[in-house]
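Please look over the chain shown here before reading the briefing below.

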Amino acid sequence: MMGAGAAALPFYNEPALAQLSRVEAPPDAVLINANENPLGPCPEAREAAHNMIAHGGRYRYSEADRVQKLLAEQEGLKTNYVKIHPGSSGPLHQAVLAFTSPTRPFVTGDPGYEAGERAARFIGAEVIRVPLMKEKNYQHDVKAMAAASMNAGLIYICNPNNPTGTLTPKSDIEWLVANKPKGAIVMIDEAYTHISGAPFNSELVAADKDVVILRTFSKIYGMAGLRAGASFARPDLQDKVSGFSTTMMPITGMAAASASLESKNLVPERRKLIGNVRENTFEFLDKHKFSYVPSMSNCFMVDVKRPGREIITALQKEKVFIGRVWPSWPTHVRVTVGTQEEMDKFKAAFLKVMA
């Protein structure tokens, strides 16, 4: 019933999708179900957000302006190519409104992050799911995506992909941008790219390509609840996306975002920490001969060889809460990479329920 209720919402957005992972968990439960970063904001971001509370009676538009300026400088973009958002789900849905329609399909990988396709279905746009390529470690099949519809409106690539955590090579993305149907927009969701260490694609925006890039502070920066994100695109595309909605930015989130961008060692340190815990977990899965998809992100898919919901329910009884199941992969479950202590508890519980 929960899934049906969420799907009925006007836009199957980030909060709605979170309802699929939302659980009534005891205080001592392990929560590795929603691709959150248990480390939270860095110390500098916490202090900045705390200090900003005293100014909560003001809109302080300059805080978002500061984030915009920092991102533009770091990405080598003109300032008006960067738009700040409270997270990245807003511009994702707005781009679906802007670029898809009943005659302009939404093209996505399968399995993939569902928010865009749910928004597309709501406005009557066709959704075309293109299976990930098993023979190439489940990267996006960009040639099949380009050929999926000559009238495609928006082609969506999350890289690394959610839920598989697998990477599509930069050369493939560049090929897609060069060979997509005329008039189609390629959206590159880089929510997890910091974690993987893969190259970004900002230069495609700087070159005025038909590209919209999404960024968020919810993942490596540990700010899922503080809400901060951005879109990169040339100004005419930004105008089309932002025309559907505009909102005030949360000043605590903006202050924390600026502090995070100015922290020089935050990204590499967290990338190493998350990677070490992820690889330790993979060593465990290898040792016990469990089948999983090698990931470069903070989540991965495990094939439990039975309906995935059964394992999810069994793990909850052990106070371990993991992610959801995708219809096209019914025996796989998504697991978020938590702290080492959390993953050690997951290992013990997983062995028990899989016995």
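What follows is a short briefing on this chain, grouped by topic.

This is a predicted model, in which local features need pLDDT of at least 70, side-chain atom pairs count only at pLDDT 80 or more, and totals for chains, interfaces and linings use all residues. Residues are numbered from 1 along each chain as its sequence is written, and side-chain values use heavy atoms, with hydrogens and water left out. The secondary structure comes to 15 helices and 12 strands, where helices (H or I, at least four residues) and strands (E, at least two) are DSSP runs numbered from the N terminus. The radius of gyration of the chain is 20 Å, close to the 20 Å that the globule rule gives for 355 residues, so the chain is as compact as a globular protein of that length; the radius is taken over C-alpha atoms, and the rule is 2.2 Å times the number of residues to the power 0.38.

**Overall dimensions, burial and charge**

- Taken along the principal axes, the box filled by the C-alpha atoms of the chain is roughly 55 × 50 × 35 Å.
- Buried residues make up 55% of the 355 residues in the chain, where buried means under 20% relative accessible area, exposed over 50%, and partly exposed in between (1.4 Å probe, protein chains only).
- Of the contacts in the chain with a separation of 6 or more, 71% are between residues 24 or more positions apart, a contact being heavy atoms within 4.5 Å.
- The chain exposes about 15,300 Å², of which carbon and sulfur atoms supply 53%; accessible areas come from the Shrake-Rupley method with a 1.4 Å probe, and for residues only the protein chains shown count as cover.
- There are 41 positive and 36 negative side chains, and the centres of the two sets lie 2 Å apart; Lys and Arg count as positive and Asp and Glu as negative, without His and the chain ends, and each charge is placed at NZ of Lys, CZ of Arg, CG of Asp or CD of Glu.

**Cis peptide bonds**

- D110 and P111 are joined by a cis peptide bond with omega of about 0°, and P111 is placed in the loop between β3 (106-110) and α6 (115-122).
- Another cis peptide bond runs from N159 to P160, with omega near -5°, and P160 lies in the loop between β5 (154-158) and α8 (170-179).

- R60, although not a glycine, has a positive phi of about 45°; R60 sits in the loop between α3 (43-52) and α4 (62-75) and is partly exposed, with a relative accessible area of 29%.
- Y138, also a residue other than glycine, has a positive phi near 60°; Y138 is in the loop between β4 (127-131) and α7 (142-147) and counts as buried at 17% relative accessibility.

- Y156 belongs to strand β5 and is buried, with a relative accessible area of 2%.
- The side chains of Y156 and D189 are joined by a polar contact of 2.7 Å, a polar contact being a pair of N or O atoms within 3.5 Å, where within protein one must be able to donate a hydrogen and the other to accept it, and residues adjacent in sequence count only if both atoms are side-chain atoms.
- Y156 and Y113 are 43 residues apart along the chain, while their C-alpha atoms are separated by 9.4 Å; leaving aside neighbours within four places in sequence, the contacts of Y156 include Y113, H140, M145 and D189.
- H140, in the loop between β4 and α7, is buried with a relative accessible area of 2%, and its contacts beyond four places in sequence include G109, M145, Y156 and N161.

- H85 is in strand β2 (residues 82-85) and counts as buried at 6% relative accessibility.
- The side chain of H85 makes a polar contact of 2.9 Å with the side chain of S231, and S231 is also among the residues in contact with H85 beyond four places in sequence, together with P91, A228, G229, A230, M249 and M254.
- I311 is found in helix α14 (residues 308-317) and is buried, with a relative accessible area of 1%.
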